[in-house]
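Please look over the structure below before reading the briefing, which starts with the terms and then moves from the chain as a whole to one helix.

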Amino acid sequence: LLLELLPDVPAENRAALGKSIIHNHADAGFVSDHAALLAEAMTLLNKPDLAWVFDTGMAEVPISASIAELGGQSITGIIDRLILSNDTIIAIDYKSNHLTPSNPADTPLGLVRQMAAYRDALVQIYPTHRIKTAILWTKTGAFTELDDEMLDNALAQLS
């Protein structure tokens, strides 16, 4: 929620609003360290190499589609960040795993399948665009782009 709402807030107001969001959220009691959660979000928002992620695009974009590679099965999901340009779409999902892969090949298969389904749904919406997918690991700030071959293989294993 912090990464959804805070990018549109002036930098000098983010920490105060972030504290308020955490404190007033229905699940606040399940978070053991509010300060650490806010610090994690603020670190990501302040990383110069991630500015392009938060400066553009849309947050929390719902998507649904029938995926041919899954036998026409329908999928639904919410893309954490969707960045659109004239010829490219980038779908980014945030993951808070404590252990993050050191390279894309070590990304958990379930996450790769999720991103493959998002990619295939986006291809139906934007057939003339190049679709890219990536995971932003919130604990480390690592950014993992998943290539088409990896995504194709993940779905092929299901069918």
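A contact means heavy atoms within 4.5 Å, while helices (H or I, at least four residues) and strands (E, at least two) are DSSP runs numbered from the N terminus. This is a predicted model, in which local features need pLDDT of at least 70, side-chain atom pairs count only at pLDDT 80 or more, and totals for chains, interfaces and linings use all residues. Residues are numbered from 1 along each chain as its sequence is written, and side-chain values use heavy atoms, with hydrogens and water left out.

**The chain**
- The chain holds six helices and five strands, which run α-α-α-α-β-β-β-α-β-β-α from the N terminus on.
- Along its principal axes, the C-alpha trace of the chain spans about 45 × 35 × 30 Å.
- Of the 159 residues in the chain, 40% are buried, where buried means under 20% relative accessible area with a 1.4 Å probe and protein chains only.
- Among contacts in the chain with a separation of 6 or more, 60% come from residues 24 or more positions apart.

**Helix 6**
- Met150, Leu151, Ala154 and Leu155 are buried in helix 6, which covers residues 148-156.
- These residues lie on the same side of helix 6, because they cover an arc of only 130° around the axis, the arc being that of the directions from the helix axis to the C-beta atoms.
- Strand 1 (58-67), helix 5 (109-125), strand 4 (130-137) and strand 5 (142-146) are the elements against which the buried residues of helix 6 pack.

Key
Buried < 20%, exposed > 50% of the residue type's maximum accessible area, 1.4 Å probe, protein only.
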